[in-house]
Each structure stands twice: as structure tokens, then as C-alpha cells.
Amino acid sequence: MKANYSAPGKVILFGEHAVVYGEPAIAVAVDKRTTCKVVQAEEETTVNGYPIDKDYHSYILEALRCVDIDSPLKIVTKSDVPSGAGMGSSAAVTVATLASLHHISGDLKEERLAREAFNVEWTVQGSASPIDTSTSTHGNAVMLSKDKEEDFLWSISREGKEWNIHHRDIPEMQMVIGDTGVHARTGPLVDKVRRFYMNNNFAKEIIEEIGNIVIEGSKALAGENLERVGELMDRNHELLTILGVSHPKLERLVKGARKYSYGAKLTGAGGGGSMVAVTDDPEKVARVIKRRGGTPYIIDTTGEGVSEN
Ligand code: PMV
């Protein structure tokens with residue numbers, strides 16, 4: 001009894017936060033991955049040599065609840081997806097773990113994996129969208145939307161909301177992520193936006209405008225129009241700033257990166273975390289990010305989803 005799977009992190013190009021309310025969003029899988037190896041253990045279930053713990057291993061513990069495996073397990077994870085950086089590290093560990101566990105229980109299907117991984121994230125971190133978990137499962141680029149469109153993969157629903165998940169081809173483009181080093185948790189940021197959204201029509205309009213940007217962004221990506229992609233990323237960033245999820249360090253990195261980019265925006269939940277830039281000169285953007293106190297990652301969007309090692 002053994003299994004070894006890996007799953008990628010992701011970067012959200014358009015639509016974070018608005019996607020929680022059913023607006024569309026687009027994310028791309030990146031070449032940073034989390035690996036989860038599982039073998040049978042003698043006495044108790046351990047994670048990376050420690051007894052499994054509800055505080056430290058909450059995603060893995062929830063993933064274990066999805067499968068029917070009686071024996072104790074030795075679980076070893078390894079990740080090069082930076083955590084708390086808006087790159088979907090919790091989704092990657094959840095998807096890789098579920099894949100290994102389902103391999104053992106003999107029932108591994110992409111769609112089921114994506115659905116269960118979403119439920120795990122929801123249970124651990126509260127209200128969320130399936131964007132991270134579906135992108136980590138499928139790889140490539142993924143678009144979530146209210147309606148079923150071309151290249152439909154699966155749909156996921158929860159508490160009256162339904163997201164349709166689609167495969168998207170994206171043009172070859174170079175991206176740089178800039179990690180502010182300020183670690184912010186997704187749940188409280190989603191809650192902050194929710195309070196704004198519930199009490200304020202202006203916030204609802206912002207969310208809707210983000211939705212429109214995603215649709216325009218999808219067309220620009222399909223047409224390989226990177227100037228337009230960049231313009232829309234910039235606007236998406238301004239709207240996220242109005243929603244209150246930017247951070248002074250993000251602003252510094254975004255402004256610096258824009259000098260050598262088509263566009264730049266925060267990516268993921270914000271409040272710190274990371275920004276992403278689309279550029280023809282990744283080395284230059286990486287240098288600016290470093291000079292401004294961030295950690296740059298030049299990203300390859302090779303795009304493989306969950307896979308066996
Ligand atoms: O912080 P991340 O990278 O997990 O991204 C969160 C994206 C949100 O739209 C803010 C929340 C969600 O689950 O969609």
C-alpha cells in the first residue's frame with residue numbers, strides 16, 4: 001500500500017474575491033508543486049514524522065475523512081509552493097493528499113478530487129470558491145463562471161452557489177510573482193470583503209465590475225492580446241484595492257513591476273501575500289521586486305495538474 005502524487009500551486013489572473021459571489025475568475029497552474037507520499041504505518045498516523053494534529057495538519061486531517069482507509073498511515077509532504085503567498089499552497093497539499101489517498105482506496109477521478117478538495121478547503125477555512133482546488137486538480141488554465149461554456153469540465157455547488165469549471169488555453173506569456181512576505185490568511189480576508197459586500201451596494205458594483213473584467217480578460221487571452229490583458233489586470237487591481245484587500249507592500253511591488261510589464265495586480269486573497277505581473281522581461285521585473293523588498297518567482301505555466309510521481 002503506497003502512493004505518491006503531486007499537485008501544482010496556482011496564480012489567479014483575474015477575479016479573486018468576486019468569484020466567491022459567483023462571478024467568473026481565471027487561474028493558471030504554476031510549476032511549483034506539493035508532493036504527498038503515503039505508505040502504511042505500524043501504529044499511528046503521522047505527518048512528516050509527527051503525530052497528526054488538528055491545528056498543524058488541518059487540511060490533511062479533513063482529506064483523511066473523505067476516504068475509507070482503516071490502517072494508520074505515514075504521510076510525507078514536501079512543497080515548493082510558498083505558503084501564505086496567494087499561490088494556493090493549501091489547495092496543492094489537499095489535492096496531492098486526496099490523490100494519494102484515493103489511489104490507495106482505488107477510486108481516483110479528477111472531478112471527484114476537485115469536489116472533495118473544495119469541501120476540505122471550505123471546512124478548514126470557511127467560505128471559499130473552488131478556484132484554487134480545481135486549478136490544482138486540472139492544471140493548465142481554468143475559468144470559473146456562472147454558465148456552462150465551451151470546454152466545460154465539471155460543476156461544483158455549495159450553499160446555493162454553483163460554479164462551472166472550464167478548461168482554458170492561454171497564450172505563452174511570462175509571469176513574475178512577487179511575494180511581499182506579509183502572510184495573510186485567506187478566510188479573514190474573504191470575511192472582510194463579505195461584510196463590505198453585504199452592507200454596501202457600491203461593493204456589489206465593484207464585484208460586478210470585476211466579473212466584467214474577467215470576461216474581457218478571457219477574450220484578451222484567447223486573442224493573445226497581452227496589452228489588453230495587462231490593462232485589465234491593472235484595473236482589476238484598482239478594484240481589489242477599493243475592496244480593501246491590498247497592502248502598502250503590495251502597492252510598492254505592483255508599482256515597481258508595472259514599469260516593465262503589460263500589467264500587474266495582487267493575486268489571491270491579498271492583505272499581503274503576492275502580486276503577479278505579465279511581462280516580456282521577467283528578469284528585470286524580478287530585480288525590481290527584489291529591490292523593493294519582495295521575493296520574486298519567475299513562473300513557468302507548464303500547467304500539469306495533479307499527477308503521479
Ligand atoms: O489566497 P488564495 O490564493 O487561496 O486565493 C483566494 C482567492 C479568493 O477568491 C480570495 C477566495 C476563494 O476561495 O476564491
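This short talk goes through the pockets, the nonpolar cores and some of the strands of the structure above.

Before the details, please keep in mind that this is a predicted model, in which local features need pLDDT of at least 70 and side-chain atom pairs count only at pLDDT 80 or more, whereas totals for chains, interfaces and linings use all residues. Residues are numbered from 1 along each chain as its sequence is written, and side-chain values use heavy atoms, with hydrogens and water left out.

Let me start with the pockets. By a pocket I mean an open set of points, on a 1 Å grid over the protein atoms alone, where a 1.4 Å probe fits and with protein on both sides within 12 Å along at least five of seven lines, and its lining residues have an atom within 4 Å of a point. Grid points are joined across faces, edges and corners, and a volume is the space filled by probe spheres set on the points.

The largest pocket has a volume of about 1,000 Å³, and of the 48 residues that line it, Tyr-59, Ser-89, Ser-90, Gln-125 and Thr-186 lie nearest its centre. Helices and strands here are DSSP runs, H or I of at least four residues for the former and E of at least two for the latter, numbered from the N terminus. The elements that each supply at least two residues of this lining include β1 (2-14), α2 (89-105) and α3 (110-125), while the largest share, four residues, comes from α5. By class, the lining divides into 19 nonpolar, 23 polar and six charged residues, where Ala, Val, Leu, Ile, Met, Phe, Trp, Tyr, Cys and Pro count as nonpolar, Asp, Glu, Lys and Arg as charged, and the others, Gly among them, as polar.

The second largest pocket holds about 170 Å³ of space, and its lining has four nonpolar, two polar and five charged residues. Among the lining residues are Ile-26, Glu-149, His-167, Arg-168 and Leu-221, and α6 gives the largest share, three residues.

Turning to the interior, a nonpolar core is a set of buried Ala, Val, Leu, Ile, Met, Phe, Trp, Tyr and Cys residues joined through side-chain atoms within 4.5 Å, with buried meaning under 20% relative accessible area, exposed over 50%, and partly exposed in between, for a 1.4 Å probe and protein chains only. The largest core has 53 residues, and those with the most contacts inside it are Leu-13, Phe-14, Met-175, Ile-210, Leu-243 and Met-275; its largest share, eight residues, comes from α6. A second, separate core of 25 residues includes Ala-63, Ile-69, Leu-98 and Val-306. Contact means heavy atoms within 4.5 Å, and, leaving aside neighbours within four places in sequence, the contacts of Phe-14 include Ile-26, Ile-213, Leu-221 and Lys-265.

Finally, the strands, where two of them pair if DSSP finds at least two bridges between them. Five of the six residues of β9 (residues 174-179) are buried, so this strand is largely enclosed by the rest of the structure. Six bridges join β9 to β11 (residues 274-279) in the antiparallel sense, with Gly-178 opposite Met-275, and five antiparallel bridges join β9 to β12 (residues 295-299), with Val-176 opposite Ile-298. β11 also pairs with β10, again antiparallel and over five bridges, and there Ala-264 stands opposite Ala-277. In the hairpin of β10 and β11, which has six residues between the strands, Gly-268 takes a positive phi near 85°.
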